[in-house]
Amino acid sequence: MKHVLFATAALAATLYVVSPSWAADSATGYVDASYTRANTDVLGTDFDSDTVALNGAVVLPTSGDWGVKLDASVANTDDSFDDTTTVSGTAHLFRSGGDWLFGGFAGAAKVEDDTAWALGIEGQKEIRSEEHTSELQSH
């Protein structure tokens, strides 16, 4: 038998997703919090998991058609085997050109004693009111 409970609370007045037509005169962003409870029976073994997470992002205007996006998250998972905390953050620098957006990012994630780094380029193109996103990463 499997039981899963998801609860999410949005704490921001404005949820802003960076799109190719991005333009802002002031900072905008979001913060959200979530709780997940899962109970799973695998081959007769009961597995319980509770996860609490806090996530957020902010887009900061810079000069001209350049922008900066900062995002971060922290999550704690307490399950039948372990208690794990994960902290991550990424900084994005991008340029908008009407119906396109192109930039790069650098980020890191720390899980217990391990740290993972990521560098990459990313882009978006708006085609007939649809957004297409591509990303290339190096770990």
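**Entry 1: the chain as a whole**

I began with burial and found that 19% of the 139 residues of the chain count as buried. I keep in mind that this is a predicted model, and I noted a mean pLDDT of 79 for the chain, with 74% of its residues reaching 70 or more. Over residues 1-17 the pLDDT stays under 50, and for this stretch the model has 37 contacts beyond four places in sequence. I leave the details of that stretch aside, because coordinates predicted with low pLDDT should not be read in detail.

Next I looked up the secondary structure, which comes to 0 helices and 8 strands. For the surface, I wrote down that the chain exposes about 9,100 Å², of which carbon and sulfur atoms supply 59%. Among contacts between residues at least 6 apart in sequence, 41% join residues at least 24 apart.

**Entry 2: strands E2 and E3**

I then followed strand E2, residues 28-42, and strand E3, residues 45-61, which pair in the antiparallel sense over 15 bridges. Within this pairing I found Asn-39 standing opposite Asp-48 in E3. The hairpin of these two strands has 2 residues between them, and Leu-43 takes a positive phi near 50 degrees there.

**Entry 3: salt bridges**

How many salt bridges does a search of the whole structure find? I noted 4 of them, and I looked at some in turn.

One of them joins the side chains of Arg-37 and Asp-50, at 3.1 Å from N to O. Arg-37 belongs to strand E2 and Asp-50 to strand E3, so that the pair links distant parts of the chain, 13 residues apart. Arg-37 counts as partly exposed at 31% relative accessibility, and Asp-50 is also partly exposed, with a relative accessible area of 23%.

Another is formed by the side chains of Arg-95 and Asp-65, again with 3.1 Å from N to O. Because Arg-95 lies in strand E5 and Asp-65 in the loop between E3 and strand E4, this pair ties together parts that are 30 residues apart in sequence. I recorded 35% relative accessibility for Arg-95, which counts as partly exposed, and 29% for Asp-65, which counts as partly exposed too.

I also looked up Lys-69, which forms a salt bridge with Asp-71, their closest N and O atoms being 3.5 Å apart. Lys-69 counts as partly exposed at 24% relative accessibility.

**Entry 4: a nonpolar patch**

Which residues make the nonpolar surface patch of about 280 Å²? I listed Val-31, Leu-54, Val-74 and Val-87. Val-87 has its place in strand E5, residues 83-96, and is partly exposed, with a relative accessible area of 42%.

How values were computed: Residues numbered from 1 in each chain as written. Predicted model: local features only at pLDDT ≥ 70, side-chain atom pairs only at ≥ 80, totals over all residues. Heavy atoms only, no water. Pairing = 2+ DSSP bridges. Helix = DSSP H or I, 4+ residues; strand = E, 2+ residues; numbered from the N terminus. Patch = residues over 30% accessible without salt bridge, like charges linked within 9 Å, V, L, I, M, F, W, Y side chains within 5 Å. Areas by Shrake-Rupley, 256 points an atom, 1.4 Å probe, with all protein chains shown as cover. Buried < 20%, exposed > 50% of the residue type's maximum accessible area, 1.4 Å probe, protein only. Contact = heavy atoms within 4.5 Å. pLDDT = per-residue confidence, 0-100.
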